[in-house]
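Here's a quick tour for anyone meeting this structure for the first time.

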Amino acid sequence: MKKINLIGKSLLKWFVSLNLSSILILLFFAGIIIMKNPNLTEVKIENQAINQLITILSTLCGFYIFKKSMNEKIEIKKEKLNIKNIIIYSLILISIGNIGEYFVKFLNLLLNKVGYDFNIAAYNNVFAANNIIDYLMILISVVIVAPIVEELMYRFILNNSLKEYGKLSSLIVSSFLFGIVHCQFYQIMPAMAAGIILSLIYFKTNDIRYSIIVHMLNNLTATLLMFFNINNHIVNISLIILGLAFLFFKKDLLSVPMKNNGFKYNWLLKSFPLVIFLIICIIITFGQLTKI
C-alpha cells in the first residue's frame, strides 16, 4: 500500500512540476517578446519551435521530479539488440496504433450525432510546421524526448514498482495511467493499447531499450505521416494486417503477464493521492470535450 501511495504522490508532483515549469518557461519567452516590443498589450506565442522547446524542457523537468520522488535507479543493459525483433515489435505497435485511430474516428462519429466533437483537427495542428527548425523541434520532442521519458516512467519505473502485485496488474495499471494522463479523449484508448504492447515488450525482453526504440519508431512513422499528410486506408489496413500477423506468430508475447498470479485491483482505489490524480485527469479530459 505504501508503494501505491508513493506512486500517487509522485504522479501528482509530476503533474504540478510539468505544468508549472511549462508556465514559467512560457512566461520567460513572453517576457523576451514584451521587452523587444514594449507597446504590446497581448502576447500569443504561436512559434512552433518555441512551443516544442517549452514541451521538451517541461517534460524533462517533470520526469526529473517524478524519478526523484520514486527514488528508482535506472539501469540500461549493454547486450546486443535483436534488430529483427525490434522491426517485428514496431510493426505490431504501428498496427495497434492504426486500429486505435480507426476506433477513435468511429467514436467521434457517434459523439458528433449527440453534439460533441473530439476536436482532432486541433491535435493535428500541433504538428503543423513552417520551416526546418519547426520540423526539427517536433522530431526531437515527439520522436526522441517523449519516448525516452514515457518508457522510463511508465514501462520501467511504474512496472517495476507494481510488480509485487503481479505482472498483469502492473501491465494494466501502468497502461491505464499512461492513457489517462494524455487527458484527451482521442488519445486515451490508443495510448492505453500502445502501453499494453510496450509493457509486453518490456516484460518479454526485460530490456527497456526495446520499448524505447519501438516507441521511437512508432512516433516517427506517425509524425512523418502527419508531416506529409498521408492518410491512405489501403496502407493503414495493410499495416494492421501485417502487424496482427506478426502478433499471431509472436503470441508468446501475450502470454508473459499470464504466467503470474492474475489481476488484483482492490488496492488501486485505496490510495488517496492516486484517486486525486485520476480525478484531475478525468476533469481535464471532459473539460476539453467541446460542444459543436
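Let's start with a helix pair: α1 and α11 pack at an angle of about 40 degrees, and their axes lie 6 Å apart. Axes here are lines fitted to C-alpha atoms, for helices over the stretch in contact, with angles running from 0 to 180 degrees between N-to-C directions. This is a predicted model, in which local features need pLDDT of at least 70 and side-chain atom pairs count only at pLDDT 80 or more, while totals for chains, interfaces and linings use all residues. Residues are numbered from 1 along each chain as its sequence is written, and side-chain values use heavy atoms, with hydrogens and water left out.

**More on α1 and α11**
- α1 and α11 are therefore oblique to each other (under 35 degrees counts as roughly parallel, over 145 as roughly antiparallel, 65 to 115 as roughly perpendicular and the rest as oblique).
- The crossing of α1 and α11 is left-handed, a label used if the near helix is turned anticlockwise from the far one by less than a right angle, with right-handed used if clockwise.
- On the α1 side, the contact (heavy atoms within 4.5 Å) is made by I4, N5, G8, K9, L11, L12, W14 and F15.
- On the α11 side, F272, P273, L274, I276, F277, I280 and I284 take part.
- Sorted by class, this contact of α1 with α11 has 12 nonpolar, 2 polar and 1 charged residues (Ala, Val, Leu, Ile, Met, Phe, Trp, Tyr, Cys and Pro count as nonpolar, Asp, Glu, Lys and Arg as charged, and the others, Gly among them, as polar).

**Another pair: α3 and α7**
- α3 and α7 pack at an angle of about 160 degrees, with axes 8 Å apart.
- That makes α3 roughly antiparallel to α7.
- The α3–α7 crossing is right-handed.
- Among the residues that meet here are Y89, I92 and F103 in α3, and Y186, M189 and I197 in α7.
- By class, the contact of α3 with α7 has 14 nonpolar, 2 polar and 1 charged residues.

**The chain overall**
- The chain has 11 helices and 2 strands (DSSP runs numbered from the N terminus: H or I of at least four residues for helices, E of at least two for strands).
- Along the sequence, the pattern goes α-α-α-β-α-α-α-α-α-α-α-α-β.
- Of the chain's 292 residues, 44% count as buried (buried is under 20% relative accessible area, exposed over 50%, partly exposed in between, with a 1.4 Å probe and protein chains only).
- Among contacts with a separation of 6 or more, 83% come from residues 24 or more positions apart.

**The core**
- The largest nonpolar core has 54 residues (such a core is a set of buried Ala, Val, Leu, Ile, Met, Phe, Trp, Tyr and Cys residues joined through side-chain atoms within 4.5 Å).
- Helices that each supply at least two residues of this core include α1 (2-36), α5 (132-162) and α11 (272-287).
- α5 gives the most to this core, with 10 residues.
- Those with the most contacts inside the core include L11, W14, F66 and M153.
- Leaving aside residues up to four places away in sequence, M153 touches L11, W14, F63, F66 and L158.

**Two residues to look up**
- I138 sits in helix α5 and, at 0% relative accessibility, counts as buried.
- The C-alpha atoms of I138 and Q48 are separated by 8.1 Å, though the two are 90 residues apart along the chain.
- S21 is found in helix α1 and counts as buried at 10% relative accessibility.
- Not counting residues up to four places away in sequence, S21 touches S58 and C61.
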